[in-house]
Amino acid sequence: MHRTKLFDHFILLFGVFIMVGPLLVALMTSSHEAADIHRNGLQILPGGHFVDTYETVLTRQGGFTGQITGLRMMMNSLILGLGFAAGKIILSMLAAYALVYFRFRFATITFWMIFTTLLLPLEVRILPSYEVMNTLKLTNTYTGLIVPLLASATGTFYFRQFFKSIPDELLEAARIDGAGPFKFFIDVIVPLSKTMMAAIFIIMFVYGWNQYLWPTLMTTDESFFTLVRGIKQILLVWVGSNIPDYNQAFALAILAMLPPVMIVMIFQRWFIKGLTESDK
């Protein structure tokens, strides 16, 4: 038994090393100068430029216009992630609520039509979506970044399955008390769905935070650039004898991981509970 536990711990520690190792290498590399990284490659020991590198990427104005900072890009990514997650939860809950409780004739067919959109990734519908946003003059706006991505078959599916597991007795009791559809949704459905909402929020926030293709297409104004796009911009500076600021790119990559990690840590208990239990 003792050897079995040692083997189990070894496997777990090995898994942790595999997952955390690249992050540590990126963190150590970000503390070296760009020229050293270009000459010697990735670093596993800390350098002497940790503080000034992170201060530079957060506060120094840069980009083609010389006006964008790392803090601004982080704010843009945060707005995109929060708007993306909140909008998807609201829209998915309303869609699932209508499918489950209004029980109209073609509810099942409608649900499967929604569900089949999972087979159509963003890349398939990106040009029509862009054309609509461009026609509405919503490029280089937070509305244009967020609204076209709000429809979620995944969220609708999870909330529909959760709502179907809620006992019908609650609906009958609400009707007896004189509660209408809106009051039943706000006073009964929403409180029961908190753990599911937390689980979906984490998934959608991380997905929205890491968006690259859609923000790249929708934004030409650097004031709307996201952090993920900023990393790519740093690596596209081969001009003459100049080399990319690898240390700043690694620093931005580390900063880009912090908010999703914090969100997962804060909502971890609700996330697990929402995906594995029925909290009723």
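This is a predicted model: local features need pLDDT of at least 70, side-chain atom pairs count only at pLDDT 80 or more; totals for chains, interfaces and linings use all residues.
Reader: Let's start inside: which residues touch the most other members of the largest nonpolar core?
Author: That core has 52 residues, and the ones that touch the most other members are Y101, F159, F163, F184, I189 and L227.

Reader: And which helix gives the most to this core?
Author: Helix α4, which covers residues 70-102, gives the most, with 11 residues.

Reader: Take L227, then; what is it in contact with, leaving aside neighbours within four places in sequence?
Author: With those neighbours left aside, L227 is in contact with G70, M73, M74 and S77, and also with W209, L252, L255 and A256.

Reader: Why is F7 classed as exposed?
Author: Its relative accessible area is 51%, and F7 therefore counts as exposed, since the cut-off for that class is over 50%.

Reader: Now F50: where is it found, and what is it in contact with beyond four places in sequence?
Author: F50 is found in helix α3, residues 50-59, and, apart from its neighbours within four places in sequence, it is in contact with L27 and S31. With a relative accessible area of 38%, F50 is partly exposed.

Reader: How many Å apart are F50 and L136 in space?
Author: From C-alpha to C-alpha they are 44 Å apart, while in sequence F50 and L136 are 86 residues apart.

Notes: Residues are numbered from 1 along each chain as its sequence is written. Side-chain values use heavy atoms; hydrogens and water are left out. Helices (H or I, at least four residues) and strands (E, at least two) are DSSP runs, numbered from the N terminus. Buried means under 20% relative accessible area, exposed over 50%, partly exposed in between (1.4 Å probe, protein chains only). Contact means heavy atoms within 4.5 Å. A nonpolar core is a set of buried Ala, Val, Leu, Ile, Met, Phe, Trp, Tyr and Cys residues joined through side-chain atoms within 4.5 Å.
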